[in-house]
Amino acid sequence: MTSQQKIIATTEKYSAANYLPLPLVISRAEGVWVWDTDGNRYLDCLSAYSALNQGHRHPRIIQALINQANRLTLTSRAFHNDQMGSFLQQLCDLSDMEVALPMNTGVEAVETAIKAARKWGYDNKPIERDRAEIIVFSHNFHGRTVTAISLSSEPSYRRGFGPFTPGFRQADYGDLGAVKDVLTNETVAVLLEPIQGEAGINIPPEGFLSGLRKLCTEHGVLMVLDEIQTGLGRTGKMFCHEHEREAKPDILIVGKALGGGVYPVSAVLASHEILSVFGPGTHGSTFGGNPLAAAVAKAALDVVEQEQLPARSAELGDYLMGELNRLPQNDIAEIRGRGLLIGIELKKSVVSARPYCEQLMRRGILCKETHDRVIRLSPPLIIEKNEIDHLVEQLNSVLTGDFARQSSEKLVSSS
Ligand SMILES: *Cc1c(COP(=O)(O)O)cnc(C)c1O
């Protein structure tokens, strides 16, 4: 057994098997690069599902972490701390929202937004107790708690985990008419991702978000956008909804890159009126808004702003997309994306993108298949042009290699 195989064996022996990681063990990282325990270098094209937009161990973020760790890490919200207020001010300014509620993981912020929307509905509409409904979309991903999977349409996320939280209605993603069909007097909100990342980089038709915005305003329903994956520059704008005019949500959910790749930080942003549904004692989190999180998040936001990561993502995303379109297209059904959030969907005959990701790993490129046949490319936004060229070269080798033909034939015949 190699040393990596030994570590993997121990990990698999003692870890629940709720993930299927690629077979490498990372022990060091810097910027867009990671190293395994044998010293092999890889280009990180997953960025921890967009939690590493600023790259690994950005010096400024690490410095903020160290400085704050040397002063104060946790007070709980029973007392004020000297970091949270200025963090939330910066986040509100950046997103043009009035108030924020800090949490830790993405799914906690989603749960917080659902609670806010329901309570706002009861406070503002003639809805009977426990009857509020939220419209959600096919193929959504909002996290893994019981409530988040209750609004999922994905059997593998749900199977065996019921009973589920009631109060959600499904509509087809990208279909305004479908939303109108399920809208009732008891609807308090629509909740969606502006691009569905986990579902395989699904981009809704142009005008969907602004149409939804209009519909929500007309019916007095809150528009809640989950920008945990798409936010903070990933799609070439600070927030993905900025790609359309008049698509600003009532409630905005952020997470992932807000923690700069070092610490879990999430938040729900809205107007004062909406978030005032929470009074003392109605909602909380022991670690939410802690000073270490706040200091890290401020540095993470500084980096996004000062290094102009949204513009960088737009420019390099266009460049990467152009290069990808020149690759041999034999195995490719479609390439789609915005900024540096790109999905390469392989043809149905290919069956699985997994062997492609394994082959890329052997060539020093890390990415992860999503939903069987899509290779997701979401490198840190600090990636350089020559590093993108390197990625494209390796993709080219994998897509032209005998491997592609053999594996697709093999997979087809074994399916
Ligand atoms: C990752 C993600 C979540 C969940 O975030 P966690 O930090 O894993 O709880 C929710 N929504 C979207 C769109 C995501 O990409």
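**Cavities, sheets and rings**

Me: Leu74, Thr75, Ser76, Arg77, Asn81, Thr286, Phe287, Gly288, Gly289, Asn290 and Pro291 line the second largest cavity. How much space lies in the second largest cavity?
Reply: This is a predicted model: local features need pLDDT of at least 70, side-chain atom pairs count only at pLDDT 80 or more, and totals for chains, interfaces and linings use all residues. Residues are numbered from 1 along each chain as its sequence is written, and side-chain values use heavy atoms, with hydrogens and water left out. A cavity is a set of points on a 1 Å grid over the protein atoms alone where a 1.4 Å probe fits but cannot get out, and lining residues have an atom within 4 Å of a point; points are joined across faces, edges and corners, and a volume is the space filled by probe spheres set on them. For the second largest cavity, that space is about 30 Å³.

Me: How many charged residues are in the lining of the second largest cavity?
Reply: Sort the lining by class: Ala, Val, Leu, Ile, Met, Phe, Trp, Tyr, Cys and Pro count as nonpolar, Asp, Glu, Lys and Arg as charged, and the others, Gly among them, as polar. Three residues are nonpolar and seven are polar. The charged count is one.

Me: How much space lies in the largest cavity?
Reply: The structure holds two cavities of 30 Å³ or more. The lining of the largest cavity includes His139, Tyr157, Glu198 and His371. By class, that lining has three nonpolar, five polar and two charged residues. The space inside is about 40 Å³.

Me: Which charged end sits over the ring of tyrosine 157?
Reply: A charge sits over a ring if NZ of Lys or CZ of Arg is within 6 Å of the ring centre and within 35 degrees of the ring normal. Here the distance to the ring centre is 4.3 Å. The charged end belongs to arginine 144.

Me: Which element gives the largest share of the lining of the second largest pocket?
Reply: Of its 20 lining residues, the closest to its centre are Arg77, Leu101, Pro102, Phe278 and His283. Two or more residues come from each of α4 (84-95), β4 (99-103) and α10 (272-275); helices (H or I, at least four residues) and strands (E, at least two) are DSSP runs, numbered from the N terminus. Five residues, the largest share, come from β4.

Me: Leucine 101 lies in strand β4. Is leucine 101 buried or exposed?
Reply: Buried means under 20% relative accessible area, exposed over 50%, and partly exposed in between, with a 1.4 Å probe and protein chains only. Leucine 101 has a relative accessible area of 15%. Therefore, leucine 101 is buried.

Me: What is the bridge partner of tryptophan 33 in β3?
Reply: Strand β2 (residues 33-36) runs antiparallel to strand β3 (residues 41-44), and three bridges join them. The ring of tryptophan 33 also has the charged end of arginine 41 over it, 3.5 Å from its centre. The bridge partner in β3 is leucine 43.

Me: Which residues do ring pairs link into a cluster?
Reply: Rings of Phe, Tyr and Trp (its six-membered ring) pair if their centres lie within 6.5 Å; planes under 30 degrees apart count as stacked, over 60 as edge-to-face and the rest as tilted. The count comes to four aromatic pairs, and one of them is edge-to-face, with phenylalanine 137 and tyrosine 173 at 6.0 Å centre to centre and 80° between the planes. Tyrosine 173 and phenylalanine 208 also pair edge-to-face, at 5.9 Å and 70°. The linked residues are Phe137, Tyr173 and Phe208.

Technical notes
On a 1 Å grid over the protein atoms alone, a cavity is a set of points where a 1.4 Å probe fits but cannot get out, and a pocket is an open set with protein on both sides within 12 Å along at least five of seven lines; lining residues have an atom within 4 Å of a point. Two strands pair if DSSP finds at least two bridges between them.
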